[in-house]
Amino acid sequence: MQFHHHGYVSGDPAVEPAAGVGIDRPEELPGEVDVLVVGTGPAGMITAAQLSQFPGVVTRVVERRSGRLAVGQADGIQARSVETFQAFGFARRIIDEAYRITTMSFWKPDPADPATIVRAKRTPDDPAGVSEFPHLIVNQARVQDHFAEFMANSPARSEPDFGLEFVGLERDDADDHPVTVTLRHTSGPREGQTRTVRAKYVVGCDGARSGVRQAIGGTLAGDQALHAWGVMDVLTVTDFPDIRTKCAIQSRDGGSILLIPREGGYLDRFYVDLGEVSQDDHGAVRRTTIEQIIARANQILHPYTVDVKHVAWHSVYEVGHRLADRFDDADEATARPPRVFITGDACHTHSAKAGQGMNVSMQDGFNIAWKLGHVLDGRSPESLLTTYAAERRVVAKDLIDFDKQWSTLMATRPEDLADPSELEDFYVKTFEFPAGFMTQYQPSQIVAEPDHQACATGYPIGKRFRSAPVVRVCDATPAHLGHTARADGRWRIYVFADAPPAGRPSALADLGEWLAHSPGSPVLTHTPDGPDEDAWFDVKVVYQQPFEDVDLRRVPRVFLPRKGPFGLVDHEKVYAVEPGQDVFEERGIDRRGAVVVVRPDQYVADVLPLTATDRLAAFFRSVFVAPPPTGS
C-alpha cells in the first residue's frame, strides 16, 4: 500500500481522503443521482464499491431491509472472486476468516454392501494450480460487510440507504436524468410512504423476483428440473469421517448430499436431495420440515449418523435454470442506448450447488460499474455501456448450461450413470469453469482481435489477467504482479521488456519514449491535466534481468511517474523476474518483449509487440473520448 505522497498520514492508510461527492455527503437520499443501485446483495455492493472510486459520480444504493444482512444464503467463494477481493483490498482478511477448500471427497454405495456408503475417491480442488488464491467458504453477509467498509473508506464515502424498496420506474429521454424511480419506505417514521428519485442510470441487483427487470419488460425463460433439495446450516455431532471436507455423497436409495463445511470450525452446510417433484405439487415440497430434511440426511449417510444440535438456517428449493431475455433496456430498433441494467439473480437463476450465484453476480457488478464510472466521469463514450449485456449474457448462458450438467449428475443414482466415476471425472475436467477462469470475452470496443497473441500466449485476450511472481526492483521485495492492481477504475499497461538491460538501446526504450512524449501516446492523450500522471493509466515494466541488474536511473521516465502535490517519484512500478519463477517462461512471453493491456475489471484487452504503438494508440481511441475533460 502506498500513502504519504500527499503528506504524512498518521491514521489508517486504507481510509482515502474524501473527494468530490464524498465531501459533506448528504445523509438523506437526494432527489437526483447519477447511478441508483437497487439491492445490496453481492452484485449491488460490488457495483457501489467500484463506483465509490469515482468521486465525481453521485451513486446511491437502496435496500428494502432496514439494515445489513445478518445471514446470507450464498457461501461459496471461488478463486476468481478472491482475485477480485484482492483488488478491493480485503482478500487476505477474508481468507483468514473463511473455510478453505483444498480437496473434495466422493462417497458412493459400498459394492460389498450397497445399503452403506464408502469413500470412493478424493480429488484436489485445483489440480492444475490455476490460481494462487484458494476456494473459500464464508457467509455472504461478511462479503457484503467488506464491500461496505471499502465504500465507506473510498473518496465518495458511500454507504447503503436502507429501508427503501423499489416500486417502479419510468424513462423520459428528454430529461437529463431520464429514469424516474419510485421507492417506498419499509421502516422508520415514513414507513409506507413513497418518494421518487431521478437517475441517469439504474442498476437492478434485486434478485430473482427483480422489480427492475419487470419494469423494463424483461422476462426469465427456462425450465425447472422438478427436483427438490433441502439446505441447512447446522452444528452437529457425527461419526461421519469427512464432516470437515467438501463431499459429494451418493447413496443407493436415499438420494444425494452435497456437504460443504462452513467457516468457524463447527458449522456445516448440507444440500440434501429430496427427490423428484410432481407436476401438480403446487409448492407442497417447500413445506418440508427441518426434521424431515435431517431424517433424509441420515438415510443417505447410512451407516453414519448426524445428530443436529443447532440449526442456523434452512430452506427448501427446486432447481430452476432461467435466463433473462434482456440485461438492459436498450432498444436496437430505435437505437435507444441503455439506461437501466440488471445483474445477478435478476438475469440468471440456477441451482446453488455449483457455488456460482454470488461469484458470477459479483463479476456482473464489476463489469457494469467501471463502465458507468468511465462514461459518467467523461472518460468514455456512452457506447461503452452496450458491451455489458453483450459480454455478461454469454457468461450467464454458459453458467446455466454447466449447472444443468452438474445438477443432473448430482441427482442421478450411481448405478444409473454411464460410468461409475462420471461425477468425479466431470468435477475434475471442468474445475476451471466453477473457479471462474473460463470466461473469455469476444472482440469488441474494449477487447482487441488476437492478432498478436503469440507475443504472450499465457495471457489470452478476453480472459482474466493471471498473476505471476516478480520482484520489485526498488526494494527487492517479492510480489505478485496482478496483486498490485487496485479496483480504482484505471487501465493497466504491463510492459514486458526485451533483453537489453535498462539504459541500453532497445524496443523498450523506444516505447518508453513514445509513451512519455508522443502525441499519440494514450497516457498523454487521454490523461487530463491536474491529477497524477498515472491517474487513468497504471503503466508497469517487468525486466528479464535479476533485480540487481536493473538500474533505476536508466529506467524510462514513464515507469517512474510523479505523484501528489510534491511531485514525488513512484518507484513501485518497476519489476524484474523472480529467480526460479520467470514470468516470461510461465506466461509464454516473447523474449523480444510484449505489451499486455488489462481492463479495470482485470480482463486482458490486448497483447502487442513493443513496436506496435499505432495499434496501441488506436485501441485506446475507441475506449476514451478525446480530449478529456480538464481537471476531471
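Q: Why is Arg472 called buried?
A: Arg472 has a relative accessible area of 17%, and buried means under 20% (exposed is over 50%, partly exposed in between, with a 1.4 Å probe and protein chains only). So 17% puts Arg472 in the buried class. Bear in mind that this is a predicted model, where local features need pLDDT of at least 70, side-chain atom pairs count only at pLDDT 80 or more, and totals for chains, interfaces and linings use all residues. Residues are numbered from 1 along each chain as its sequence is written, and side-chain values use heavy atoms, leaving out hydrogens and water.

Q: What makes Arg472 and Glu572 a salt bridge?
A: Their side chains meet at 3.5 Å, N to O. A salt bridge needs a side-chain nitrogen of Lys or Arg within 4 Å of a carboxyl oxygen of Asp or Glu, so this pair qualifies.

Q: Why is Arg553 called exposed?
A: Arg553 comes out at 75% relative accessible area, and that is over 50%, so exposed it is. Its side chain meets that of Asp551 in a salt bridge (2.9 Å, N to O).

Q: Which label does Glu63 get, buried or exposed?
A: Buried: Glu63 has a relative accessible area of 8%, and that is under 20%. Its salt-bridge partner is Arg65, at 3.4 Å, N to O.
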